[in-house]
Amino acid sequence: MWYHKPAINEELLQSLPNLKVVASSGVGIDHLDLKLLSSYGVKVANTPFIVSTDTADLGMALMLASSRRVVEGHEMAVSPDTEYFPADWLGVEVSGATLGIVGMGTIGYKVAERAKGFEMKILYHNRNQRKKEEESAIGAVYCKKIDDLLQQSDFVLLAVNLTPQTRKLIGKRELELMKPTAILINISRGLVVDQDALVEALQNKVIRAAALDVTYPEPLPRDHPLLKLKNVIITPHIGSATKKTRWVMMEEMAESIEAGLAGLPIPREVL
């Protein structure tokens, strides 16, 4: 499976009685019905670890681009209408700011490692608190309640898996808890954010800006209001999109398929 295609539904499973393995690219498995697959005796594999480094890099790129208004600046610099660069055209600081990471798994932790280099204060909210030595290594402070993180952060970065519990985790209430100067960054799944509430928050300056690598649907309809807002950066779900990582993802998928067909343990089986 690549980009969630083909759809693995009951009709497909019934038409493939000899199917043994479904290998899905990336880390997310929200598009798979694991119980249904198991009922047909089909095993599932993904590529969970190789994507984390590139996705963390993109999270930092989106943070920097949105805070320093890189896309707007590029448009100004190349516009045929530009006669001078205004002195009061300003962004906001990343170095020394407070970063709140929602979801401190492998990707979230790698983002924190990078943010430490920018001397950022790091808060995080997670189902489970990290070990003390892991927190100390990056200078991270655990927020048991997501509200505490939202209220204190200059940047809120989402790196959670999409589950029934995280679907629309960030809605109108959560956006209103954030600072009016805060920037929301989403490198997880589009459905983690209530998009209608986000549009309203951006239009009414409830928060400063958003930088999104994921939306729902993907791509957005061409008339979607998010595409018309100056304080939004949207990239086409490119968290893992580097040549090396995509090559290794393909290799890992092939290894899982070969192991499954040979009756051997699948190296990256989703249990």
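**Reading the labels on a predicted model**

User: Why does Gln195 count as buried?
Analyst: Gln195 has a relative accessibility of 4%. The cut-off for buried is under 20%, so Gln195 counts as buried in this predicted model.

User: Where is Gln195 found, and which residues is Gln195 in contact with, leaving aside neighbours within four places in sequence?
Analyst: Gln195 is in helix 9, which covers residues 195-203. Beyond those neighbours, Gln195 is in contact with Thr215, Tyr216, Leu220, His224 and Leu226. Contact here requires heavy atoms within 4.5 Å.

User: Why does Ala87 count as exposed?
Analyst: The relative accessibility of Ala87 is 77%. Exposed means over 50%, so the label applies to Ala87.

User: Where does Ala87 lie, and what separates its C-alpha atom from that of Gly73?
Analyst: Ala87 belongs to the loop between helix 4 (70-78) and strand 3 (98-102). Its C-alpha atom is 12 Å from that of Gly73, a residue 14 residues apart from Ala87 along the chain.

User: What makes strand 6 and strand 7 a pair?
Analyst: Pairing requires at least two bridges. Strand 6 (residues 155-158) is joined to strand 7 by four bridges, so the two strands pair. They run parallel.

User: Which way do the residues of strand 7 point, and are they buried or exposed?
Analyst: In strand 7 (residues 183-186), Ile183 and Ile185 point one way, while Leu184 and Asn186 point the other way. All of them are buried. In general, side chains of a regular strand alternate between the two faces of the sheet.

User: How do you know whether the radius of gyration of the protein chain agrees with that of a compact globule?
Analyst: For 271 residues, the rule for a compact globule gives a radius of gyration near 18 Å. The protein chain has 20 Å, which agrees. Along its principal axes, the C-alpha trace spans about 65 × 50 × 35 Å.

User: What is the secondary structure of the protein chain, and how much of the chain is buried?
Analyst: The protein chain has ten helices and nine strands. Of its 271 residues, 45% are buried. The chain exposes about 14800 Å², of which 55% comes from carbon and sulfur atoms.

User: How many contacts join residues at least 24 apart in sequence?
Analyst: The share is 62%, counted among contacts between residues at least 6 apart in sequence.

User: How far apart are the mean positions of the positive and negative charges?
Analyst: The mean positions of the 31 positive and 33 negative charges are 3 Å apart.

Notes:
Residues are numbered from 1 along each chain as its sequence is written. This is a predicted model: local features need pLDDT of at least 70, side-chain atom pairs count only at pLDDT 80 or more; totals for chains, interfaces and linings use all residues. Side-chain values use heavy atoms; hydrogens and water are left out. The radius of gyration is taken over C-alpha atoms; the globule rule is 2.2 Å times the number of residues to the power 0.38. Buried means under 20% relative accessible area, exposed over 50%, partly exposed in between (1.4 Å probe, protein chains only). Accessible areas come from the Shrake-Rupley method with a 1.4 Å probe; for residues, only the protein chains shown count as cover. Lys and Arg count as positive and Asp and Glu as negative; His and the chain ends are not counted. The place of a charge is taken as NZ of Lys, CZ of Arg, CG of Asp or CD of Glu.
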